[in-house]
Amino acid sequence: MQSWIFIVLGIIILILVLVLLAAIKRGRNEKRLVQLNASFEKLTNQPIYKTIDQLDAMNLAGGSQEILEKRRQEYYHLLNDTFATLYQTMYDAEAANQKFSLVVANHLIHDAEEQLTGATTDAEQITAALENLRATNEHNQAESKALLHQYQQMRKLILTKSFTFGPAVDELENRLAAIDDQFDQAKKLTSKGDHLEAKKILANIKEKMAALTDLTKRIPPRYQELVTEFPDQLLEIDKVYRQMLDQHYHFTDPDIGQSVILLKNKIQIIDERLGHLEIDFVEQNNQTLGQSIDELYQRLQDEMDARKQLPPLQKTTFEFLNHATVQTQKLIEALDHLNQSYVLTHHELDDAQEMQRDIADMQRQYDVQVQAVADQTVIATEAVNLFNKINERLTTTEQRQYKISNDVANLFEGEKVAKQGVQQFVLDLKEIQRDVERLRLPGLPKDYLDYFNMVKDEIVKLEQNLNQVQINIEDITKQLIVTQEDLNNLSQKSKDLHDAAVLTEQALQYANRYTYANAEIAAAADEAKELYTKTYDYPTALDTIATALEQIEPGSFKRIEDSYYHAADQK
């Protein structure tokens, strides 16, 4: 009984929940429908028809009329089809919502919202197109007025300032006439109502007016150059050029008088192109023409300046040539004298003779220009350039002479140093020989004798080379370095020989205390004496007796050795 009651209560609660949810969903749908109705009413209240009526009153034609008719048909379709369908969908949705057909109502509301969005977009496009059509007429009126004012100002400028445009004035007036015809076309199209075509023509007029404005700014300064500035400059150049010819000035090619004629012809060509309004060509060629005129001015000025520079430069070049000639001759004589006593290993004499030939060549070039000065046929700029180059070459020649003089000046000092070095080698070799002789050794090893004799021969060869009629200081210097190194090695070999011989004698004396009692030490002593007295192999003799002593009495030879070197250091 109690379970049945719970089941009934559960069903009642479920029904209440479903009813509550349905009521909430129905309320939400009603809000969406209210919003849809408000948006639809706002859309249908747009005064599109008024704009169409205004455009009809303007009696449009051509492309403008075609656009109007197209948008009119789109508007009628919007009213009769799109709005009707949308209204019916909204009505059905509201009815379904009232009957609690919530799923159907929700689907219809969604369709209505999409239809409203599409209709709004279509209405906005139609409105924008119609407004643009109406604005085109207003824009054309304002644009036409502004362009007409600009045209009138341009015509006034060309008429009142025609003298500043030269041959370009006729073509400028022709272009104004063509623009005037386009104004008439635009006016006719506007009166017929074809505002779009009129707009295109006005845009073309605007481009042409901008181009004309640019031309009226660029032409006057270029025409002024062609008609006044350039001709005056060329007249002045020709006048000065002829005066300079009368004063015996001469010039390099191309001929300045002929250049003036060519530039005058070029002015005529540019002037003709200006008449065709080829302003880019005119500007580019005017710039080139101006540069050519500047170059002619510079050539005249260069010759004037060169004539002033020529006399003092001629004098200094003459003095420099004479000085270089004398110095080179002295250098050749000095080198020739040195070449009798020394070998010139760097072709110093050949270089000096080559410099002498160069100076003679410069002298010939100089004489040609000096003769031209005397004959009043000289081109001053060429003479100045040549004299400057001669001075530069002579400066380089002088530096080469100075270097050669310094290099050969060291030959005397080099010979002196070499002789002193050889004398010292002789003394050092004798000292080494006396040191070895004082040892009174039974003989000397063959390798030592060979090395000693080699060093001796090197010193003798150096003496012979220094006593030759023609000395090669460079080779002697190299020999000095080698001999010094060999002499140092001989000195070390002599010291090693001395140390080995003396230490062998001391070790043998120390070993005598063991020879009678120990056969091994006695045998080692005999072997060391044999090496010492027969083969003169002192290092091996020392090693033999030292090894035997260390076996009999460890540390004994070390004491002998330390005592020997300590005594040697005290000397």
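**A guided conversation**

Tutor: We may begin at a loop: Arg440 lies between helix 10 (380-438) and helix 11 (446-466). Helices here are DSSP runs of H or I of at least four residues, strands are runs of E of at least two, and both are numbered from the N terminus. This is a predicted model, in which local features need pLDDT of at least 70 and side-chain atom pairs count only at pLDDT 80 or more, while totals for chains, interfaces and linings use all residues. Residues are numbered from 1 along each chain as its sequence is written, and side-chain values use heavy atoms, with hydrogens and water left out.

Student: Is Arg440 buried or exposed?

Tutor: Arg440 is exposed, because its relative accessible area is 75%. Buried means under 20% relative accessible area, exposed means over 50%, and partly exposed lies in between, with a 1.4 Å probe and protein chains only.

Student: And what is the phi of Arg440?

Tutor: Arg440 has a positive phi of about 50°, although it is not a glycine. Most residues other than glycine have a negative phi.

Student: Where does Leu277 lie, and what is its phi near?

Tutor: Leu277 lies in the loop between helix 7 and helix 8. Its phi is near 65°, again a positive value in a residue other than glycine. Leu277 counts as buried, since its relative accessibility is 8%.

Student: Which residues does a cis peptide bond join?

Tutor: The cis peptide bond joins Asp253 and Pro254, with omega about 0°. Most peptide bonds are trans. Pro254 is in the loop between helix 6 (195-246) and helix 7 (256-275).

Student: Let us step back. How many helices and strands does the protein have?

Tutor: There are 15 helices and zero strands. Of the 571 residues in the protein, 36% are buried.

Student: At what angle do helix 13 and helix 14 pack?

Tutor: Helix 13 (residues 519-535) and helix 14 (residues 538-552) pack at an angle of about 170°, and their axes are 8 Å apart. Axes are lines fitted to C-alpha atoms, for helices over the stretch in contact, and angles run from 0 to 180 degrees between N-to-C directions. The two helices are therefore roughly antiparallel to each other, a label for angles over 145 degrees.

Student: Which residues make that contact?

Tutor: Helix 13 contributes residues including Ile521, Ala524 and Leu531, and helix 14 contributes residues including Tyr538, Ile545 and Ile552. Contact means heavy atoms within 4.5 Å.

Student: Now Ser556. Which residues does Ser556 touch?

Tutor: Leaving out residues up to four places away in sequence, Ser556 touches Tyr510, Leu549 and Glu550. Ser556 is found in helix 15 (residues 556-570), and it is buried, with a relative accessible area of 1%.

Student: Lastly, where is the place of Glu283, and which residues does Glu283 touch?

Tutor: Glu283 is in helix 8 (residues 279-341). Not counting residues up to four places away in sequence, Glu283 touches Arg218 and Arg222. Glu283 and Arg218 are 65 residues apart in sequence and 8.6 Å apart in space, C-alpha to C-alpha. Glu283 counts as partly exposed, at 26% relative accessibility.

Methods. Angles under 35 degrees count as roughly parallel, over 145 as roughly antiparallel, 65 to 115 as roughly perpendicular and the rest as oblique.
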